[in-house]
Amino acid sequence: MPAPFPTPAPMRRALDLARAAGAAGEVPIGAVVVRDGAFIGEGENRNRRDNDPTAHAEIVAIRAAAQAIGDFRLTDCELWVTLEPCAMCAGAISHARIARLYYGASDPKGGAVDHGAHVFTHPQCLHRPDVYGGIAEAPAATLLRDFFAVRR
């Protein structure tokens, strides 16, 4: 049996950020924006800490990356996130013109990329990133499952 594919560095960092979010009482989701192999933006869920419904990990990471490069267009960037993005985050990914999206766990309830709204398939969607799901899916799903098991 071949060895499992190693988790790429950006997803390892996103998982670390997700763990930090969970430790702070936030839903454990982390995200990293990568450009030419360098991490230029990162984020973790901050909704409760910032009293901001838009402070999802993806939005926080996209904002940081845009500030880092001085441009709201992230055309040559990748976004790595531990959970399939929701409709709001998928819209931000499209508006930022992110080239590639890598996500960990699928989200049949709130995801909007491969579930629900399928944001990138709509004719009104002006930019569609290449999408790769299931990257480090097991550890990403375990973080979420464990977080919610304690709260239910």
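## Sheet and pockets of a predicted model

Arg 35 has Cys 77 in S3 as its bridge partner. The model is predicted: local features require pLDDT of at least 70, side-chain atom pairs count only at pLDDT 80 or more, and totals for chains, interfaces and linings use all residues. Residues are numbered from 1 along each chain as its sequence is written.

Strand S1 (residues 30-35) and strand S3 (residues 77-83) pair in the antiparallel sense over 5 bridges; strands (E, at least two residues) and helices (H or I, at least four) are DSSP runs numbered from the N terminus, and pairing requires at least two DSSP bridges.

The pockets are tabulated below. A pocket is an open set of points on a 1 Å grid over the protein atoms alone, where a 1.4 Å probe fits, with protein on both sides within 12 Å along at least five of seven lines; lining residues have an atom within 4 Å of a point. A volume is the space filled by probe spheres set on the points, which are joined across faces, edges and corners.

| Pocket | Volume |
|---|---|
| Largest pocket | about 350 Å³ |
| Second largest pocket | about 170 Å³ |

Of the 13 residues lining the second largest pocket, the closest to its centre are Ile 29, His 56, Leu 83, Cys 86 and Asp 107. Helix H5 (residues 137-151) gives the largest share of the lining of the largest pocket, 5 residues.

Technical notes:
Side-chain values use heavy atoms; hydrogens and water are left out.
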